[in-house]
Amino acid sequence: MTLRDATPDDLGAIMAIERAAFPTDAWSDDMMRDELASPHGRYLVDEEGGRIVGYAGLRHLRGGADADVQTIALSSEARGSGRGRALLAALIREADARRAREVFLEVRDDNAVAQALYASEGFAEIGRRPHYYQPDDVDAIIMRLDVPSWRAAHETGASA
Ligand SMILES: CC(C)(COP(=O)(O)OP(=O)(O)OC[C@H]1O[C@@H](n2cnc3c(N)ncnc32)[C@H](O)[C@@H]1OP(=O)(O)O)[C@@H](O)C(=O)NCCC(=O)NCCS
């Protein structure tokens, strides 16, 4: 697996994964293009043999104490082998490098796989947005990670 910064040229490959991963609430091309071009964060892609198999994005305003995981997704055949965890860890390291102390994210209540990943990295539920995801009428769970705790856990080699 090779992680690198996303470029505007990656839009098509990213959107193919996005639409397959989020069939009812995918972002539009324009939204994703704006995200990739935004100075307020960092987007990474995961390449395998020159093909993009995943992507993830962090939003962080310079000087801010908090950051947000905007999105993270892998093509279906690339899931379940640690790539999601590696992408997430790269975003958290980026947040840490920018001196953010907290990372927030929203996850669908019916997405047990993603929730398990986030919980195992130390994210904890801090709230809910009822009926947030439409048209599926699914709640959003808001999760928060304490970045210094995550760093300490990873420095000692302990699991978060
Ligand atoms: C969520 C997603 C990014 C996770 O990436 P992944 O590469 O599949 O996950 P990993 O192999 O890194 O596994 C990380 C953890 O996720 C959980 N997980 C992964 N696959 C799982 C499965 N099939 N069932 C249950 N838990 C699973 C486990 O907690 C796993 O840790 P473990 O391997 O120590 O048990 C990926 O599955 C995906 O792209 N899903 C579709 C898009 C999506 O839901 N994005 C998140 C939106 S909030």
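**Cavity, pocket, ligand**

Let's start with a lining, by class. The largest cavity is lined by two nonpolar, four polar and three charged residues. Keep in mind that this is a predicted model.

Why look for such spaces with a probe? Rolling a probe the size of a water molecule over the atoms shows where empty space is left.

How many cavities of 30 Å³ or more does the structure hold? One. The volume of the largest cavity is about 40 Å³. Here is the lining, residue by residue. Glu35, Ser38, His40, Gly41, Arg42 and Tyr43 are among the residues there. Leu58, Arg59 and Gln70 also line the largest cavity. Two strands each supply at least two of the lining residues: E2, 41-48, and E3, 51-59. Which element gives the most? That is E2, with three residues.

The largest pocket holds about 1,200 Å³ of space. Its lining runs to 39 residues, and the closest to the pocket centre are Phe22, Ile72, Asn111, Ala114 and Tyr118. Several elements give two or more residues to that lining: helix H1, 11-21, along with E4, H3, E5, H4 and E6. E4 gives the most, with seven residues. By class, the pocket lining has 20 nonpolar, nine polar and ten charged residues.

So what about the ligand? The ligand takes up the space of the largest pocket. Strand E4, 66-74, helix H3, 83-97, strand E5, 102-108, and helix H4, 112-120, each give two or more residues to the shell around the ligand. Which element gives the most to this shell? Helix H4 does, with five residues. For the pocket lining, remember, that place went to E4, with seven.

The ligand is surrounded by 20 residues. The closest are Leu74, Gly82, Gly84, Arg85 and Asn111. Split by class, the shell has eleven nonpolar, five polar and four charged residues.

Next, the contacts, with distances.

- A nitrogen atom of the ligand and a polar backbone atom of Ile72 are 2.8 Å apart.
- For Leu74, a polar backbone atom is 2.8 Å from an oxygen atom of the ligand.
- For Gly82, a backbone N or O atom is 2.7 Å from a ligand oxygen atom.

How much of the ligand does the protein cover? On its own, the ligand has 930 Å² of accessible area, and the protein covers 67% of that.

Last, two points of backbone geometry. Most residues other than glycine have a negative phi, and most peptide bonds are trans.

Where does the model depart from that? Take Arg99. Arg99 is not a glycine, yet its phi is positive, about 65°. Arg99 lies in the loop between H3 and E5. H3 and E5 both give residues to the ligand shell.

Then the peptide bond. Gln134 and Pro135 are joined by a cis peptide bond, with omega at about 15°. Pro135 sits in the loop between strand E6, 124-133, and strand E7, 138-146. E6 also gives residues to the lining of the largest pocket.

That's it from me. Over to you.

Conventions:
Residues numbered from 1 in each chain as written. Predicted model: local features only at pLDDT ≥ 70, side-chain atom pairs only at ≥ 80, totals over all residues. Heavy atoms only, no water. Near = heavy atom within 4 Å. Polar contact = N/O pair within 3.5 Å; in protein donor to acceptor, adjacent residues only side chain to side chain. Areas by Shrake-Rupley, 256 points an atom, 1.4 Å probe, with all protein chains shown as cover. 1 Å grid on protein atoms, 1.4 Å probe; cavity = no way out; pocket = protein on both sides within 12 Å on 5 of 7 lines; lining within 4 Å. Sits in = over half its atoms within 2 Å of the grid points. Helix = DSSP H or I, 4+ residues; strand = E, 2+ residues; numbered from the N terminus. Nonpolar A, V, L, I, M, F, W, Y, C, P; charged D, E, K, R; others polar. Points joined across faces, edges and corners; volume = space filled by probe spheres on them.
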